[in-house]
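Hi everyone, thanks for letting me take a few minutes today.

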Amino acid sequence: MSEIQTGDYYTRHFSPGPSDDTLIINMGPQHPSTHGVLRIIVELDGEYILRCEPVLGYVHRMHEHMGETKSYTQYLPNMGRVDYLHALAWNWAWCGAVEKLAGIEVPERAQYIRVLTTELNRISSHLLWWGAYILDLGAFSPILYAFQDREIIMDLLQIPTGSRLTYCYFRFGGVSADLSDAFLAGLKDFVPYLRGRLPMYRDLVTDNVILRKRCEGIGHFSPELCRRYGATGPVARGSGIDYDVRRAEPYSIYDRFDWEVPVLEAGDAMSRYLIRLAEIEQSLKIIEQALATIPSGDFIAKGAPKPKWAPPRGETYFAVEGARGKIGVWLVSDGTKTPYRVKLRAPGYCNLSLFAEAAQGVLLADAVSILGSLDLVIPEIDR
Amino acid sequence: MTLFKEFQSALKGLWSLAVGLKVTGREFARPQLTVHYPRKVVDNIVTYRGHIELVGKPKEPAVPKCITCMMCATVCPSGCISIKKFPPPKVAPAAEGEEAKPKAKPVKTPKAFNLNYNTCSLCGLCVQNCPVDSLRFSTDVYLAGVSRADFEYDLMARLAAQAEAVAKAKAPAEATAGAKPGEGGE
Amino acid sequence: MLQTEIIVPAELVRLVLGIVALAAFVGANAIVLVWLERKVAGHIQRRPGPFEVGPYGLLQTAADAAKLIGKQLTMPAGADAFLFWLAPILAFLPVFVLFMPIPFGENLYSLDMDLGLVLILAYAGFGVLSLCLAGWSSHNKWGLLGAARAVSQSVAYEIPLLLAVLAIAFMTGSFNLQAITEGQGPWPWQWNVAVQPLAFFIYFACALAETNRAPFDLPEAESELTAGFHTEYSGMGFGLFFLAEYANMIVVSSVATVLFLGGWQGPVFSGWWWFLAKVYALILAMMWFRWTYPRVRFDQLLNLNWKWFIPLGLANLLVTVAVV
């Protein structure tokens with residue numbers, strides 16, 4: 001233990017401190033592979049990680065407390081900022097919770113619109129993850145190919161939502177704008193287009209021997225470990241846990257579509273990688289079916305709440321499946337215009353908790369690979 | 001035999017590397033996708049919803065439809081809209097030439113309608129909740145400024161400028177501007 | 001490259017002129033290569049690459065170099081000042097020595113020596129010394145990790161590199177690069193690569209590793225070590241490392257051209273232009289690799305070396321010796 005007290009609170013309490021044989025090093029908060037301001041204190045022996053500890057809170061923005069100070073409607077734009085990559089799932093979680101609490105019916109067409117846009121958003125989130133993960137592993141070009149496709153998605157989603165990233169599109173009882181014909185036509189073209197691109201992804205990256213060597217057998221999470229930390233989403237499904245909120249606790253109209261929950265048993269980074277790529281295909285499948293059957297009608301319920309509306313007293317929990325896992329909103333209403341308590345369950349938080357245990361004894365380069373395979377969005381973790 | 005298998009997998013790995021090269025090589029030969037910004041602009045700005053702007057009355061494009069119900073200012077999560085009402089006795093502002101006929105009723109049109117775009121999060125709740133459709137989204141994308149004051153917009157002045165631009169464009173015809181004043185008049 | 005017609009008895013004149021010409025050659029080419037790399041990367045990713053400064057963005061690198069020169073040189077507290085600044089200079093200096101024995105054309109060389117190849121191999125080791133010093137002296141843990149990687153990688157990969165080169169030396173029976181060039185014919189099937197494809201493959205892979213190019217760019221692995229050994233360098237300190245990387249690329253490609261691709265000889269109009277064309281083709285391939293592949297992991301890199309390249313190189317050498 002060094003006599004000189006250096007570093008901040010977390011460094012000092014990462015005990016026991018540095019010894020002669022090991023090196024304590026901060027990965028982040030400005031490290032290129034932590035995708036934001038995640039900081040991980042790592043004790044290294046050579047290039048092997050002995051222990052590590054994530055330090056969170058660099059982008060804590062008090063989203064939960066903001067929920068208690070704003071009205072139900074005013075909290076809507078916050079949702080797009082919690083997880084900016086899958087903003088619509090968070091939109092849905094909040095709107096769904098309020099609708100569940102107040103018993104608001106969502107029109108049929110609005111349900112379809114929600115499914116279409118959320119799945120599209122999920123694809124864009126996975127595409128970005130794909131590119132960023134490969135970037136972590138040292139290949140520069142795939143992220144730009146992913147961005148080519150993501151650009152089309154953003155152009156499409158810009159038509160109904162008006163924004164490109166931090167969507168604030170869903171409203172209680174529906175969505176804020178109807179889907180235009182241009183959007184529907186564009187989406188119809190997009191589905192085969194992206195299907196045609198996927199083989200290129202496979203050739204360039206998935207089959208690449210270097211990538212396989214970097215992912216296969218790396219960062220093995222047992223199902224037990226996933227359960228213990230409450231991991232959800234592709235991380236849990238990559239470890240053989242067949243859990244998808246869309247299937248396990250069906251909400252909206254997901255039970256009407258024919259799609260599969262991809263599950264792989266291996267539990268390594270490669271299986272998480274493959275799960276996400278498979279989910280892109282499944283999302284395309286859902287979109288295709290929803291496009292074929294989308295009914296006409298209202299895009300927002302007739303009796304949708306007005307801004308100064310207050311729900312009845314009570315509490316509720318509503319969960320949706322985000323690109324990173326189970327997004328939950330626990331909401332307590334005391335009958336006033338502002339919620340009494342809002343709790344946001346961010347999937348990335350639980351998924352990251354795994355890391356400290358899973359990264360013990362791996363190489364630094366593998367830690368980067370594991371961290372990338374968790375698909376972390378730091379603002380979502382810190383909230 | 002294991003040695004043979006090792007060689008086989010090594011060759012397979014090498015082949016996968018060659019396939020990767022083929023992909024990037026093909027992409028190399030394909031045309032670029034970049035839109036060179038200052039010379040070209042993207043073509044989907046019409047669907048973008050930028051900061052809000054006022055909508056004029058069909059007959060008087062320089063006067064907003066707004067009835068100063070304060071709904072937008074109330075619903076705004078960031079409080080970036082500030083509206084000033086006219087005091088109950090009627091005052092004719094200099095900027096508006098064609099004022100409504102003097103009546104005893106209080107003036108409903110706002111005296112000032114300011115937007116602090118610095119704090120706006122583009123949620124669109126104000127537009128959605130306006131009872132008289134007096135707000136809409138502009139398509140201003142290319143915004144840049146050197147101070148925060150550059151993003152504090154006087155929407156009344158903006159509307160007047162837009163109405164003037166439309167009137168100028170339609171100068172030979174009647175000076176009425178229809179339901180939709182022209183886009184993007186700065 | 002201009003002085004070659006003067007065949008003065010004093011070798012010294014040739015040497016000095018050669019070094020001056022080489023300095024200009026290396027500097028100019030490194031700058032062109034940085035531009036080329038960015039263009040290649042851009043086009044692979046369907047971007048234009050640099051295009052604003054100068055025609056086709058050609059002056060972009062010059063602008064960047066000017067910017068780097070103008071930047072303040074900072075040094076972290078606790079760093080060893082002497083070693084810290086020695087490292088980037090050391091990274092760049094041996095490059096000139098490396099070029100001296102390389103024959104660019106029939107009479108276009110600055111130092112005709114029988115042990116040219118040995119000279120190159122000896123001085124190539126300097127590069128790793130500079131990386132080691134840079135990472136070690138910068139008082140930065142990431143730098144230290146980068147340096148450790150650089151040393152073990154370079155040391156390991158020098159062995160198969162040597163084995164590959166030795167195979168050629170055995171075939172030709174000479175270490176003289178001019179002799180090796182002339183031992184090959186002008187046509188592709190007369191080049192050593194046709195006889196020694198395995199040696200060429202090993203040489204090229206090791207060259208990638210020696211120059212720290214992707215997929216073997218571990219010492220500076222950006223996503224793992226922030227910037228590895230040059231994390232703490234600013235301004236021209238970084239610039240020199242950067243230029244040295246490209247200069248080293250030219251060196252290894254030149255040596256590969258001489259050893260395997262027939263040097264300055266070509267089917268028609270043999271001359272230095274053939275040499276340059278071959279060098280640039282190899283460099284383009286290196287760039288192509290960089291923008292295609294992920295990075296290998298450190299232990300995989302070493303495993304690849306000890307389990308594949310060295311046994312293969314030894315086998316290749318044995319067969320060569322047996323045949324010769």
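This is a predicted model: local features need pLDDT of at least 70, side-chain atom pairs count only at pLDDT 80 or more; totals for chains, interfaces and linings use all residues.

If you follow chain C from the N terminus, the elements go α-α-α-α-α-α-α-α-α-α-α-α-α. That makes 13 helices and zero strands.

How compact is chain C for its length? Its radius of gyration is 20 Å, close to the 20 Å the globule rule gives for 324 residues, so chain C is as compact as a globular protein of that length. The C-alpha trace spans about 55 × 45 × 45 Å along its principal axes.

Now for the inside. Of the 324 residues in chain C, 52% count as buried. And take the contacts in chain C between residues at least 6 apart in sequence: 76% of those join residues at least 24 apart.

Next up, the largest nonpolar core, which has 241 residues. Which residues touch the most other members? They are A:Ala93, A:Trp94, B:Cys126, C:Tyr203, C:Cys206, C:Ala247 and C:Ala256. Helix 11 of chain C, residues 235-260, gives the most to this core, with 16 residues. Over in chain A, domain 1 (9-55) and domain 2 (63-382) both give residues to this core, so the core lies between them. As background, nonpolar side chains tend to be buried together in soluble globular proteins.

Let's zoom in on one of those residues. Leaving out residues up to four places away in sequence, A:Ala93 touches A:Phe318, A:Ala319 and A:Val320, along with A:Ile327, A:Gly328 and A:Val329.

Key
Residues are numbered from 1 along each chain as its sequence is written. Chains are lettered from A and ligands numbered from 1 in the order in which they are written. Helices (H or I, at least four residues) and strands (E, at least two) are DSSP runs, numbered from the N terminus. The radius of gyration is taken over C-alpha atoms; the globule rule is 2.2 Å times the number of residues to the power 0.38. A residue is buried if 20 or more other C-beta atoms lie within 10 Å of its own, exposed if 12 or fewer, and partly exposed in between; C-beta atoms are placed from the backbone. Two residues are in contact if their C-beta atoms, placed from the backbone, lie within 7 Å. A nonpolar core is a set of buried Ala, Val, Leu, Ile, Met, Phe, Trp, Tyr and Cys residues joined through C-beta atoms within 7 Å. Domain bounds come from an automatic or database domain assignment.
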